Amino acid sequence: MDTQCDHKILDEILEKHQYNPGNIIAILQDTQEVYRYLPKDIFPYYSDRLGISQAQIFSIATFYENFSLEPKGKYVIKVCDGTACHVRKSAAILDQLRKELGLSSAKKTTEDLLFTVETVSCLGACGLAPTLTVNDRVMGMMTPQKVTDLLVTLREGKTDAEM
Ligand code: FES
């Protein structure tokens, strides 16, 4: 499931940041934007080009929660499990998503790399509980039925604006 990186893309990212090792966080952010995660082979490549150790780059990549070393789906769905959402039965939303997509707490991404399902502690939209986000777009007042409809919409490849 690992992606072979296009070194031309990596070089463009490095160039944008003037090959400055001090910009490593921004470099990793730009890389993740392209691949939706940090593929393994960027570590030796960036280490070589920037003159910093792979271990240093790796420790930054694992320190920040926003970086992922695992491939993620095209649609990243984060189900809120904060108190307000929990009380309003967010667990049923999560169960429905996992059931429909064949996912679990251990398996977060579908084989076709279309969906990743994660949980978060509070999305800051408690008034709309239970909430989830699809690629950072907040959707509130969710129900198991709405989850099913949402997956149909996403599978049809609707853009954000059409959802
Ligand atoms: S608890 Fe879910 S948005 Fe705050």
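Modeller: Helices (H or I, at least four residues) and strands (E, at least two) are DSSP runs, numbered from the N terminus. K78, for example, sits in strand β1 (residues 75-80). This is a predicted model: local features need pLDDT of at least 70, side-chain atom pairs count only at pLDDT 80 or more, and totals for chains, interfaces and linings use all residues. Residues are numbered from 1 along each chain as its sequence is written, and side-chain values use heavy atoms, leaving out hydrogens and water.

Biologist: What does K78 touch, not counting residues up to four places away in sequence?

Modeller: With contact meaning heavy atoms within 4.5 Å, K78 touches E118, V120, L123, T131, L132 and T133.

Biologist: New topic: which residues of α2 and α3 meet?

Modeller: From α2, I24, I27, L28 and T31 meet I42, Y46 and L50 of α3. By class, this contact has 6 nonpolar residues, 1 polar and no charged ones; Ala, Val, Leu, Ile, Met, Phe, Trp, Tyr, Cys and Pro count as nonpolar, Asp, Glu, Lys and Arg as charged, and the others, Gly among them, as polar.

Biologist: Where is the cis peptide bond?

Modeller: The bond from A129 to P130 is cis, with omega near -5°. P130 lies in the loop between β2 (115-120) and β3 (132-134).

Biologist: What is the phi of Q18?

Modeller: Q18 has a positive phi of about 50°, although it is not a glycine. At 61% relative accessibility, Q18 is exposed.

Note on methods
Buried < 20%, exposed > 50% of the residue type's maximum accessible area, 1.4 Å probe, protein only.
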